[in-house]
Amino acid sequence: MEKSLYFQLVNKYFPQLVASVVEKLNGKNQTALTYMYRDHLTNTYSQDGRWASITAEYTRVAADVVSMDAELPLKSRDKVSTAEGQIPKVGMKLYMSEKQLKDLDNMIAQRLPQPQILRNLFADLPRCIQAVYERIEDMFLSELSTGVALATRSGGTGVRVDVGFAEKNKFGHGAKAWDAEDATPLDDIQLVYDKAMDDQNTITTCYLDDYTIKLLGKNKQVRAQFAFNQGIALSGDNSNIPILSFEQIASIFRNKWQTNLVRVARTIKTEINGKKGTHNPWAKGHMTFTCYDNLGDLFWTNVAEATRPVAGVTYQSADEYILASRYSTNDPLREFTSSQAMVVPILNNVDAIYSLDSTQAVGYER
């Protein structure tokens, strides 16, 4: 690695441009992409580079009433368990080719406006920083829908983090699959709330994908429930109630269970071994029910170069846990922009998270 071929410009503008990119991507008014993990996870620094998810089965037990001078009966302690592992490294690296470098040199020689030169010089910076955010969101949504965060990377290897959704809190559809005409998904969902009540938990939010929303919107039982809530008389075959919208389905959850319904519609673009693709990190047909708004931690630790910088490389931290860098190499001559981070989203209190797979007939039996 050598210092940037445009060291003076990089040294002057790189720090403030990194800060500008982070501010823009983190902005609440940005419409291109949103990141749910920012709303539900707390940034937590890990000194030893490990993550941990705490599961605590807290139970409320009424005190015993005993006579004076009688010995109090012994109660069992709550169970506390921990899942843990190493924080993985994520990042992205892009370079300017010799052709791009020659074009940039020509722009400088022609004394084109500096903003135009800077746009070309730092075009890769937003992509490198955003790539880390995208991977975190990828893992977070996968983890929230199934309890397992999956992230594939080059070479066929990847990251797999299992926070351990409790088997007793996993549900499925009943005797009828939800695409059946006489399916009763509201009855299946009620079992989730019954289990939460048994656990003395209060479900506040339910997350689901468009596939599940479409199934619910078409279902006769769900449409009948909406009509009842609205005081609409049903025809013999419910034909006077059209397919429900997301907002109408959400109103059922608010009225019946006092639960906020959240639609998860997010795709992640990837490039693995030069092949570009798009995937949906949320598991198809899954519903996740949570009892808290804060769902866990975004564990991060320093990458090696943060404490052992390479001579000549220009560094700048972004959003605490991302280390952005700029440098050049020869043979062939290239100018690199890089981002790297050791970070992972981890759900906590997973014993208070309930999941329903609408595509499978499995789950808790009353």
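Which residue in S17 is the bridge partner of Phe 171? The close-ups below start there and then move on through this predicted model.

**View 1. Strands S7 and S17 run side by side in the parallel sense.** Leu 356 is the residue to look for: in S17, it is the bridge partner of Phe 171. The pairing of S7 with S17, which spans residues 353-357, extends over three bridges.

**View 2. Five strands make up an open, mixed sheet.** Follow the order S7-S17-S12-S8-S9 to walk across the sheet. At the edges stand S7 (170-172) and S9 (260-263), each with a single partner strand, so one side of each has no neighbour in the sheet. On average, and ignoring direction, neighbouring strands here are turned by 20° against each other.

**View 3. Helix H5 lies across two strands of the sheet.**

**View 4. Tyr 193 and Trp 257 form a stacked aromatic pair.** The model holds nine aromatic pairs by the rule used here. In the one shown, the rings of Tyr 193 and Trp 257 are 4.8 Å apart centre to centre, with 5° between the planes. Tyr 193 belongs to helix H6 (residues 185-198) and Trp 257 to helix H9, so the pair ties together parts that are 64 residues apart in sequence.

**View 5. Strands S14 and S15 form a hairpin.** Three residues lie between the two strands. In the turn, look for Asp 319, which has a positive phi of about 55°. S14 (residues 314-318) and S15 (residues 322-329) pair in the antiparallel sense over five bridges. Thr 314 has Arg 326 as its bridge partner in S15.

**View 6. The largest cavity holds about 40 Å³ of space.** The count comes to one cavity of 30 Å³ or more. Its lining includes Thr 290, Cys 291, Tyr 292, Asn 294 and Leu 295. Asn 348, Asn 349, Ala 352 and Ile 353 are also among the lining residues. By class, five of the lining residues are nonpolar and four are polar, with no charged residues.

How values were computed:
Residues numbered from 1 in each chain as written. Predicted model: local features only at pLDDT ≥ 70, side-chain atom pairs only at ≥ 80, totals over all residues. Heavy atoms only, no water. Pairing = 2+ DSSP bridges. Helix = DSSP H or I, 4+ residues; strand = E, 2+ residues; numbered from the N terminus. Axes fitted to C-alpha atoms, helices over the stretch in contact; angles between N-to-C directions. Contact = heavy atoms within 4.5 Å. 1 Å grid on protein atoms, 1.4 Å probe; cavity = no way out; pocket = protein on both sides within 12 Å on 5 of 7 lines; lining within 4 Å. Points joined across faces, edges and corners; volume = space filled by probe spheres on them. Nonpolar A, V, L, I, M, F, W, Y, C, P; charged D, E, K, R; others polar. Phe/Tyr/Trp six-rings, centres within 6.5 Å; stacked < 30°, edge-to-face > 60°.
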